[in-house]
Every structure is written in structure tokens, then in C-alpha cells.
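Subject: Structure for your files

Hello,

Some notes on what was found in it follow below.

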Amino acid sequence: MVRLYNLHPFGSQRVVPCEREPARFCCGRDVLFVAGTAASCRVEAFALGDQGRCEPLGSFATLGPVLRMAHSQAGPSTLTSQLELDEFIICQKPVELLGEESKLCEIPVTLESTELPTEDTKRFQVRYLLFRCFTPDQSPFGFCEETKLHSVQLLPVFRTGSVVAHEETENERELLSLFCFFSLPHIGYLYSVGKLVELISTYQYSEKSEQAVLTPQFLHVITSEKLQCFTVRCSAAAARDEDPYIDTTVKACPPVTLDVCTLRMELFIGPRAICHFKNHIILLTKADTEDITERRKPTRRMLSRKADSIKSRTNSESEPGWNLYIINTVSTIQLYREMVDYSRTYENVKTESCIHLLSEAHLLVRAAIMDPSSLKSDEEEELLTAFRESCAFLGDCYSRFDTKDYHLALPYYRMSGLSMTEVLKRLVSEGDEIQTYERGLVFYLTHSLNEDLNEELSKESANKVLQIFCVADPVQLPHILCSPCMTNVCPLTAVKYLQKVEKMMPSVVLTLTKAFMALKMGDLTMYEHEMDSYKETILACGFIGQPKLLRQRKEGMVIPTEFAVYLKEMQPGLLVAATVALHENSKIELEEADTFFKMLCSDSENTVPQLLVDFWEALLVVCSQEEILQELLLRLTSQYVWRISKQELPETKPLKTTEDLINSCSHFALIFPWVTSIMSASSPSDKGYHEDISKLQSLLCSQSTDITSVLPVLEPLTESGNVGLAIRVLCSTRLGKHEEAIERLLERCPDVAVLYAQHELKDDNRAVWWNKLLPELCKRARLTGNDCPVLISSLKETLSVVATELELRDFLSLLPEDGTAAFFLPHLLQCSQRKLLT
């Protein structure tokens, strides 16, 4: 479908002062080259200036008639195309593109360089992207002439911000998208040849075309008597190439599939050829013979003047009726303003037409912004302002109109930079209690309020939001009232609206919100009445349904004391479980939960209340995010250490024992048997902190805990009796320092050394038995003699293990030379017998 809007993309036009009839022309670097007809064999050059000014630069002769002219930018960014009869092929080097199957056309393509060979040009390659063949039997027009290609063009779009100001370094620009346009007399095709080869627009012409030229903003087409201007979708496709996440709740762009439209049909006599350069359109017109004859018929006045008649006959042979025009397209801002004004005629009549035309205006501005090389220094800010304004207009449309794409109100308003207050002023009439509100506005407000934007609505605006949701989506009222943006809302008005909703749709969350509003008003009677409505379920259901009621308010108003007292009297396990559920559903952050529990238990003398520790332990059971997991492990370790070192008992009984946690959480490991053996000889003073000690040891026995990160936290316990010994040996073991661990055990708790070795010295650590433990035991036994039976017993057990592991010769080499033969003989026999048996 092609839409027609009578807009004015064409501005002033001037005639190029050519001395001879033009046949070919092209533009490049602000210069227009015009080749004469076959008889003249001459090329004229003109300098192009602002407002279409054209000054002759000179001319030069050619050896023969000019058959084709093209301007080429030297360097690796050159784009080339080739046209062979009615077959079409594109070749392009800078980016890897799909369409390899087009090689099957078996048409050879060769590259011709327009410059001296360089290292860059040697690397040029041909890549086949697209092949189409048009034949009469495939054409609805039925004639070969009607299916012949007359225009082929490649249009590159470079990455925004990568354009270099100086032309000599222009080749450093990074190609973002590439578009291919080709046209038959009655139809044109625009392809995107980026990562995918894709047809994005088809142009149906109202009459037979002579030639077409593509620009980043428009497609210009000439027919036998008209210059037509169509919109293009290149900027929409390039925007998505530049940002694949553009279609989100934060950003948006009109679709590539938007209907194309004709902006203008300008009448000319005999258009023959067209080209484009910056904001100039170069148009060659040539009238037919009958047009010239009709135009040159002498009037009665001319016949009465003989001299004029003779002059007219003389000029009729030398003036063939041609003209070469330079037509300026109007500035982007001027055309944008006209499109916005035009769209207002559709505001209350044709919704889709209004949105379509505003989308065209948006894409027009976006295309200009994506081509900063064509902008003047004072134009960029004006374009950015227009871009934000166009986003606001589109946001208004998707908010006001009943359209399937109502959700686009949110990203367009966000791109506009408007605040919620400004949006409300644009859309909502003052004092209108019966106004209807479309889905787009409700969608925008719901997301904006739920995302805790740093914007406080005034009392009037907040009350207006309440009215909107009461009419359009009353279920959302309790959630809307919990937004920090609604801080200034009148609580009395809020309760009035909540009571209206409650009659139709009562809920726990609604009741809880009413209780909160009652506290804001200082109405404790109403508060107690509401809180008594649901008793136990108000916590389990209410706070999970609306977690912001648990949060510390951004304006400094925390959950009131009455709320805290009520919650604290409830089952602590239910409170912890509810808060864990909130966190796992991303409805409350870890720091927010900390603040809540600390505030709730403000009468506690501990820096960290037990209820918060219970929350951390419960959250650890279900936590799957590594960053939060390590944070929880560090917090719990710190708290256990603090209590043990300060001999501080928790103010309330913990919800879970060590055994409960080990059974339910993989991050709490079974405590090693040698640790339990060390702790069996603990002093009576440690017994009161048994749960904290065992939970700490369980965490340190777990592979989840990063020992390196918790070492500074453990420092206060390192010298604390058997607890400190167990902690230090656990850390040495987890760090792979087994010899250091054995040394500590032999020093402080030798009876645990062998138990430790049996549990830890396996596989790669097996050699520590004979390289470290056996020599140490021998040395210490020799020094103490029979005064330490524990050492003798440990030595015997160690010898039994080593005798089963080593060869006889290796075993003998380890035994002390001054040892008692009778002591070692049984183990030597054991080793030798094992050898005989094997």
C-alpha cells in the first residue's frame, strides 16, 4: 500500500548554465560534471553551493562521446555495482553478507580499480549477494521493455558517531548497513544487504518511470512528466543494525515494514535523467518535438513584428527545449514541522494515518541524525530536539488511541525525556472525572510507577493517577500506592478510592495498603481494624503480593512502629519465609531485607538480630546466584565469629539447628570427624555457643566457602582454645597445607593426628604419611620416651599404614637408626609378608 501526502520536500530550483545540451552528468565533492551530446565531445564542470547556486569552473574536451559518468571515492571503502542487460548482481567487500547461493547464476564478475594499485586494492574480493532475472513471461506487464531495469544503486549507511570531519580521512568510517535499490519502469525494490539479504520495501509507481535515485531519506523517481518523492525505510533498518535491542521498554523505532508513502508529485516537462548529491537533486528535462512546436507557435503580436519573427525562426533550430535543474530539498526540520502539522488533520479521524505520518517524521529526523557528515554545526542540537519531540508525539498517539501497539507509549515517552508529570499534563484534562483512559497511558504509568523512578509526583498529580487507575485498572491501585513516586498522595483520597475497589474486588494486599494509609493519617483505630481483618494470612499473602510495604521508603518514612510491633508478634518463621520468597522473586533486595529486619528488631542490643541471621540461613538454602551466595557465607561466618569471640548469645532461639541446615542446605557440610574429636575436649564455657561453633565449622567444612576471603574474619578465634585449633587446622587443610595442619595437631592434640591423617591424607596427599607424620612421631616419641602413651599409640598406627603402602627397602630407609628393634620388628614383618603374598 502506498499512501499519498501532499507535503513539500522540494525547495528552490535553479538552472545550470550549460553551454551545450547535456547527455550525461554526475556529482562528487561539491562539483557537478556535465557531458554534452555526442556531437560536442565536451565535459563542463560547475561548483555547487548553498541554496542550489551553481558557478562554472571550466570545461575540457573528450576524445569521443561520453557513454557513462560516475564519481568514485578513492580507497578501500569504494562500493561498485555492475548492470548487464536485465540481470542484476551486487558485489561488495567490507562486510560479510549472506546470499552465497547467488553464485549459481554463473555470471562472472570482475573488479576494476579506479586508482593506482595498493595493498588495500589487492585484497578486494567479489562476494555474490543477490541475483534476479526479469523476463517477459514472468512479468504482469507482458512486454520486455516494461521489465527492463533502468536504475541500480547501492546506499551505504555508516555507524553513528564514526564519521570523521575531514574528507581526507573519510575512509575511516565504519560501514553499518548497506542497501540495494533497483527499479523497473513500474516497480522498484529496496533490499537490505547487511547480515541478511532482505527485501524491505516494494514501490509501485502510478505511471511508467524513467529513472530513480535513492537517498538516505527519500526515493526520487521521474516519469514522463513528474518528479515524485517517496519515503524510505533505510534509517529504521540501520537503527536495528546499530542496536539489536532497540525494540524494548526503553527504546523503540518504527518498523521497516511501515507502508511507504508519496510526499509530493512535482510537474516538469519531459524529465529524462536524475541524480542526487547531498541535499541537491540534479534533473535533466527535454521536451518532445511536438511540445516545442506547440510552445513556439507565433502569436498575432509576433507575426506583426518582422524582426521578432526572424529571430524566433533562428532560435527554433538552436534551442531544442532542454534544461538542467538543481532542485534543493527543504531542510529536515522544515519538512518535519510540515509533517507534524499535517498529522493533526488525522488526530480525531484516522488513528493509523496519524501514527503513520508521525512515524515518517520520526524516521526523517532519525535518518538525518545517522548521517552527521551532512549536518552543519548548528543543526545537530535542533535535530536532537526534534527527535525527542517526535518521540513525545508518538507516545501521545499510543497513549490516546485504541491501538494494538499501545505498549509503545512507554519506550517513546522514555526517549522523549518527559517526566511523568509532563506526560500527565499532555494527556489528562484538569477536573475531568469521567474521562476515559486508553491502555497505552495505563501501561506507561504502571511501568513507570513500579520501576521506582526518582520522581515524586505532586499531590495533585498523584491524586490524578489514583483516579486514572480507579477508572481503567482498579486492581492495580494498591500496588500503585506503594510506589515511592506516590509519596505525596493524599491518604484520605487514597482510602476513598481503595474502599470503592474493595466493594468489588477485596484482597489481602488492598487491606494491608489501607492499613498503611491509615497510619499515614494517624488513624490507629482504622489501622487496627484493617490489620485484624486477616490475621496470619496478611503477612504470608499481603507482603508477598506487595513487597514495597516492607521496604524503607525513599522519602525517609520507614515502616511505622505499629507495623513493626504487629509483625514481630507474628510467627518469625513465617516472616523469614515470606522475605526469602520476596528476594527470590526479585521483589526485595538483600540490603532492603537487612534494613527491614534491623528496624523490626531495633530493641535488640546486638548489631545483627537473630531474625536477620535466620533470614540469611534460610536464603542460603535456596540461593543460586554466586555473588549473593558468597556474600551470605561471609555475613554468616562474620556473625558466628563475633558471637563466639564476644561470648554473646542470640536474643531469640535460632529457627534452625546445625543439623537442620546440614540436612536442608548443601552449603552446610557434615563436620569432619577429626574436628568433632578436637571439640570433645572443649572447655565448659564453649558449650553455650555450641550451635554457633558447629554452624561455623560446618561452613568451613563446605566447599562453597572461599577460605581465602574469610581468613581475616576468623582472626579473633585463632587463639581461642580448641575452637581456635579446629578453625586453624580447618583453614590449613582447605588451603592444602596438610603438613602445617599435622604439625599443629601434634603440638596441641596428638591423639587426633592419626584420625586427621586417615580422613585427609588420601590420593595425592598420601605421601605425607611417611614424609611428614612418621618422622615427626618418631622424633617426638624419642624425646618423651614412654611418658606420652598417646604418641606411642599414634606411632604404631602410623607404622601400620606406612607398612602397607611402601616397599620393604623404602620402609627400612624411613626407620630411625637408634630405634628399638623390638618396637619396629612387627611392622617390618608385616611389610615383608605383604611382599611375599603379592
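Leaving aside neighbours within four places in sequence, which residues is Thr 705 in contact with? They are Leu 633, Leu 699, Val 710 and Arg 734. Please keep in mind that this is a predicted model.

Thr 705 sits in the loop between helix 25 (690–701) and helix 26 (707–714). With a relative accessible area of 2%, Thr 705 is buried. A polar atom of its side chain lies 2.8 Å from the backbone oxygen of Leu 699.

On salt bridges, the count comes to 24.

- Asp 594 and Arg 635 meet through their side chains at 2.2 Å, N to O. The pair links distant parts of the chain, with Asp 594 in helix 20 and Arg 635 in helix 22, 41 residues apart. Both Asp 594 and Arg 635 are buried. Salt bridges with shared partners join Glu 591, Asp 594, Glu 631 and Arg 635 into one network.
- Lys 514 bridges to Glu 502, with the closest N and O atoms 2.6 Å apart. Lys 514 belongs to helix 15 and Glu 502 to helix 14, so the pair ties together parts 12 residues apart in sequence. Lys 514 is buried at 5% relative accessible area, while Glu 502 is partly exposed at 22%.
- Lys 251 and Asp 243 form a salt bridge at 2.4 Å, N to O. Lys 251 is partly exposed at 30% relative accessibility, and Asp 243 is buried at 18%.

Helix 14 also packs against helix 12 (residues 459–472), at an angle of about 5° and with the axes 10 Å apart. The two helices are therefore roughly parallel. Residues making the contact include Leu 466 and Cys 470 of helix 12 and Ala 494 and Tyr 497 of helix 14.

Regards

Notes
Residues are numbered from 1 along each chain as its sequence is written. This is a predicted model: local features need pLDDT of at least 70, side-chain atom pairs count only at pLDDT 80 or more; totals for chains, interfaces and linings use all residues. Side-chain values use heavy atoms; hydrogens and water are left out. Axes are lines fitted to C-alpha atoms, for helices over the stretch in contact, and angles run from 0 to 180 degrees between N-to-C directions. Helices (H or I, at least four residues) and strands (E, at least two) are DSSP runs, numbered from the N terminus. Angles under 35 degrees count as roughly parallel, over 145 as roughly antiparallel, 65 to 115 as roughly perpendicular and the rest as oblique. Contact means heavy atoms within 4.5 Å. Buried means under 20% relative accessible area, exposed over 50%, partly exposed in between (1.4 Å probe, protein chains only). A polar contact is a pair of N or O atoms within 3.5 Å; within protein, one must be able to donate a hydrogen and the other to accept it, and residues adjacent in sequence count only if both atoms are side-chain atoms. A salt bridge is a side-chain nitrogen of Lys or Arg within 4 Å of a carboxyl oxygen of Asp or Glu.
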